[in-house]
Amino acid sequence: MLMHYLSHPFSGDEEKNRAEAEAIHRELQEKFPDVLYVSPIANFKALEGLDYDTIMRYCLELLGKCDVITVTGRYWENKGCMMEIEYAQKYGIPVYVCDGETYRLLSNEEVAPLYSESRSRRDGRDFLGRADSSRRTTRLRAETTRRTCG
């Protein structure tokens, strides 16, 4: 079973973002029962109050255990989501986007500018400080790259 990490903005209106992330999580899990969706927003709720960097380090460690990342919401405006996309790009994790109408795999050409923008915001530093860019081979099977979600 493939494990998809759900990346959704949390900072800002946390109550609204949590509700949106939960609804998307439920919808995708029901629609694709052969995929395990993991939401860091739900997973780390008990850790509210910890500093941002610690929570993000935990998020990225969890992402590293997943086969795929699915980004949702206004991810391009969110620092945490952009860091997760950067991590996925660096470690060879496929990036899907679910925008309410389509669910599709982003091409490397679409992900690269997001990755570059995220790195430039942090002066080119890797958030985890990892020098090794190797990544375990994903078990990504041939999937339809375009699905409906919504």
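**Exercise 1. Describe how the axes of helix α3 and helix α4 are placed relative to each other, and list the residues that make the contact.**

Solution. Step 1: take the axes. In this predicted model, helix α3 covers residues 52–63, and its axis comes within 10 Å of that of α4. Helices (H or I, at least four residues) and strands (E, at least two) are DSSP runs, numbered from the N terminus. Axes are lines fitted to C-alpha atoms, for helices over the stretch in contact.

Step 1: take the angle. The two axes cross at roughly 35 degrees, where angles run from 0 to 180 degrees between N-to-C directions. Two packed helices are described by the angle between their axes and the distance between the axes.

Step 2: The crossing of α3 and α4 is right-handed; a crossing is left-handed if the near helix is turned anticlockwise from the far one by less than a right angle, and right-handed if clockwise.

Step 3: list the contact. From α3 come Tyr-52, Met-56, Cys-59, Leu-60 and Leu-63, and from α4 Lys-79, Gly-80, Met-83, Glu-84, Tyr-87 and Ala-88. Contact means heavy atoms within 4.5 Å.

The model is predicted, so local features need pLDDT of at least 70 and side-chain atom pairs count only at pLDDT 80 or more, while totals for chains, interfaces and linings use all residues. Residues are numbered from 1 along each chain as its sequence is written, and side-chain values use heavy atoms, with hydrogens and water left out.

**Exercise 2. Work out which strands pair with β3, and in which sense.**

Solution. Step 1: start with β1. Strand β1 (residues 2–7) pairs with β3 in the parallel sense over four bridges; two strands pair if DSSP finds at least two bridges between them. Ser-7 is opposite Val-71 of β3.

Step 1: go on to β4. Strand β3 (residues 68–72) and β4 run parallel and are joined by four bridges. Ile-69 stands opposite Val-95 in β4, and Thr-70 has Tyr-96 as its bridge partner there.

Step 2: Between β3 and β4 the chain passes through helix α4 (residues 79–90), and the β-α-β crossover is right-handed. A crossover has this hand if, with the strands pointing away from the viewer, the path from the first strand over the helix to the second runs clockwise.

Step 3: check the cover of β3.

**Exercise 3. Classify Arg-18, Ala-19 and Val-35 as buried, partly exposed or exposed.**

Solution. Step 1: Arg-18 lies in helix α1 (residues 14–31) and is buried, with a relative accessible area of 11%. Beyond four places in sequence, Arg-18 touches Phe-10, Ile-41, Lys-45 and Glu-48.

Step 1: Ala-19, also in helix α1, is partly exposed because its relative accessible area is 44%. Its C-alpha atom is 9.9 Å from that of Ile-41, 22 residues apart in sequence.

Step 2: Val-35, in strand β2 (residues 35–38), is buried at 8%. Val-35 and Leu-2, 33 residues apart along the chain, have C-alpha atoms separated by 5.2 Å. Leaving aside neighbours within four places, Val-35 is in contact with Met-1, Leu-2, His-4 and Gln-29.

Technical notes:
Buried < 20%, exposed > 50% of the residue type's maximum accessible area, 1.4 Å probe, protein only.
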